[in-house]
Amino acid sequence: MKEIKIFEGQGVHAGFTQRPEKSNHIRAMLANEAQGRGDLVLWPYLVHGTRIAVLRDLPEGEAPLKVPKAPDFLSLKELLPQTSGNGENAAETQTCPAPFDGKLRFALSYYGSALATDVAVNSAWAKGEQADAPALEWRSEALLGIEATDGCVTDVPGVVLTSTHGDCLPIYICDPVRRAIGLAHAGWRGTYDGIAAVLAETMMREFGSDPEDMLVYIGPGIDFCCFEVNGDVAEAFTDRYYWAQEMTAVKPLRFEAPEASDAASGQEPEPVQKYLVDLKAINDELLKICGIPEENITISGDCTVCDAENYYSHRRAKEKDRMLAYICLERQENA
Ligand SMILES: [Zn+2]
């Protein structure tokens, strides 16, 4: 698999896949690998905002909470094609032939509301003592009900956070001290709304992460060279972030030929004024404002639009394929 490896030697398994891999294929592969280890791959649906899902271990002995219906959350329904039911019904019990060996309990919180789920396991099947699947029952209304979030954080080893990219930036955070990770999808709307800062702040709040311990990787995505916008978008950034002035640029005025139908009517070419915005630099600055030291932040110099050999790009070619960002805390024995 062709991919960029990230945070090597920090006790995490993280990467960004490149052409010719497709994100669905990589996710299925990660899910297979994770099932073999008794782990879980989360597959969020993006909303291009700043929603962050928090996934954490429940303290020992704490009763799982009553699970409310949570339509706005991560979804496993596409990840688990063999599940019974469609995952739409929050009260439904799902079955899945995954060899989880043991009982996993997760608490999830989202916009302040806590959710919990149990994954009950038939360990006899997991150990190969029983032939018949299904081996496992998901009583995981919370997990199955999750539909959309732009970022996830967790301190649970073995949970693989993923997000898909076709120009929008992946933002990875690893806290090797508190053993917590985060991954966000930052397009221009998420960048404008400060998702990088929301991600870092969520890790500080939920896991007590110290920003000075955080390691950040801002991955490949549309770069300053190619993120061309109209004046209103560039102005929105500089209105919100006074320091973003140097992260925008005015392009030379160009004249665009009128539509063919207008050309016949003898209409003159129209002057078009476009601007460039440096999304990587704006996310970098947001993270530094959170207290993350500059030397802890690595920014990929790769532009997905310019580098057609290695990356898919929505803007370059309206490609439907996507690349996958993923990060997982390794279990301690592997770390
Ligand atoms: Zn470019």
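## Helix packing

Helices H5 (residues 195–207) and H8 (residues 279–289) pack with their axes 8 Å apart, at an angle of about 30°. Axes here are lines fitted to C-alpha atoms, for helices over the stretch in contact, and angles run from 0 to 180 degrees between N-to-C directions. Helices (H or I, at least four residues) and strands (E, at least two) are DSSP runs numbered from the N terminus. The crossing of H5 and H8 is right-handed, the near helix being turned clockwise from the far one by less than a right angle.

From H5, Ala 196, Ala 197 and Ala 200 meet Asn 283, Leu 286, Leu 287 and Ile 289 of H8; contact requires C-beta atoms, placed from the backbone, within 7 Å. By class, this contact of H5 with H8 has six nonpolar residues, one polar and no charged.

## Basis of the model

The model is predicted: local features need pLDDT of at least 70 and side-chain atom pairs pLDDT 80 or more, while totals for chains, interfaces and linings use all residues. Residue numbers start from 1 along each chain as its sequence is written.

## Strand S20

Strand S20 (residues 323–329) is largely enclosed by the rest of the structure, because seven of its seven residues are buried (20 or more other C-beta atoms within 10 Å of the residue's own, all placed from the backbone). Met 323, Ala 325, Ile 327 and Leu 329 point one way from S20, and Leu 324, Tyr 326 and Cys 328 the other way.

## Partners of S20

S20 runs antiparallel to strand S2 (residues 12–17), joined by five bridges; pairing requires at least two DSSP bridges. Phe 16 stands opposite Ala 325 of S20.

Strand S10 (residues 159–165) also pairs with S20 in the antiparallel sense, over six bridges. Here His 165 is opposite Met 323 of S20.

Notes:
Contact = placed C-beta atoms within 7 Å. Nonpolar A, V, L, I, M, F, W, Y, C, P; charged D, E, K, R; others polar. Buried ≥ 20, exposed ≤ 12 C-beta atoms within 10 Å, placed from the backbone.
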